[in-house]
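Here are some notes for a colleague who has not looked at this structure before.

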Amino acid sequence: MATWQEFEQEVPEFAARVLAAMTAGKHKTMATLRKDGSPRISGTELEFKDHEVWLGSMPGAMKALDLKRDPRVAVHGPSIDPDPGDPNAWPGEAKLSGLAVEITDPEVFAKYGGPPGGFHLFRIDIKEAAFTHVEDPFLVIESWAEGRGLRETRRT
């Protein structure tokens, strides 16, 4: 797994595109795994701070309990509808997947901040990232995977 900082260092221009897409809106969609292995989709927010990707959750939330049991996670950035008259103006969208590492260190909690009354805090270590956008007439999918590096696929 790569930290966000390691990911940025390996593919800085791609990481910048992923970051721009992920921070274009506040709310993301996250997939976790339930006890029986079936997927759970939840709304969430990510914070990119101190060269890490952070995910917070209310105490006892199902998504947090899922991550405590099985840390595999995927997050899809906010999706913005493209202008049908100008597909190249679409800013694109991003996805991250990897492992959510639960943070329990009180010093990290204090440094992170967060709402009063306690919360779950996770750092996401990245295994894969993707950025999809349009370069008319192509749909361009850039993807990075740990150990494989960066690839680009163009579809018409």
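1. In this predicted model, Asp-50 has a relative accessibility of 46%; since buried means under 20% and exposed over 50%, Asp-50 therefore counts as partly exposed. The residue sits in the loop between β3 (46-49) and β4.

2. At 44% relative accessibility, His-51 is partly exposed. As background, most residues other than glycine have a negative phi, and most peptide bonds are trans.

3. A cis peptide bond is found between Asp-136 and Pro-137, with omega about 15°. Pro-137 belongs to the loop between β7 and β8 (138-145).

4. The structure has eleven salt bridges. One of them pairs Asp-50 with Lys-111, with the closest N and O atoms 3.7 Å apart. Asp-50 is in the loop between β3 and β4 and Lys-111 in helix α4 (residues 106-112), so the pair ties together parts that are 61 residues apart in sequence. Lys-111 is exposed, at 60% relative accessibility.

5. Glu-52 and Arg-123 form another salt bridge, their closest N and O atoms being 3.8 Å apart. Because Glu-52 lies in strand β4 and Arg-123 in strand β7, this pair ties together parts that are 71 residues apart in sequence. Both residues, Glu-52 and Arg-123, are buried.

6. The side chains of Arg-40 and Asp-66 meet at 2.6 Å, N to O. This pair links strand β2 (residues 39-44), which holds Arg-40, to helix α3, which holds Asp-66, across 26 residues. Arg-40 is buried, with a relative accessible area of 13%, and Asp-66 is buried at 1% relative accessibility.

7. The largest nonpolar core has 26 residues, of which Trp-4, Phe-7, Phe-14, Val-18, Leu-46 and Leu-96 touch the most other members. Elements that each supply at least two residues of this core include α1 (4-10), α2 (12-22), β6 (93-102) and β7 (120-135). Apart from this core lies another, of five residues, among them Trp-54, Ile-103, Tyr-112 and Phe-119.

8. What is Leu-46 in contact with, leaving aside its neighbours within four places in sequence? Its partners are Met-22, Lys-28, Val-53, Trp-54, Leu-55, Val-75, Leu-96 and Ile-124.

Technical notes:
Residues numbered from 1 in each chain as written. Predicted model: local features only at pLDDT ≥ 70, side-chain atom pairs only at ≥ 80, totals over all residues. Heavy atoms only, no water. Core = buried A, V, L, I, M, F, W, Y, C linked by side-chain atoms within 4.5 Å. Buried < 20%, exposed > 50% of the residue type's maximum accessible area, 1.4 Å probe, protein only. Helix = DSSP H or I, 4+ residues; strand = E, 2+ residues; numbered from the N terminus. Contact = heavy atoms within 4.5 Å. Salt bridge = Lys/Arg side-chain N within 4 Å of Asp/Glu carboxyl O.
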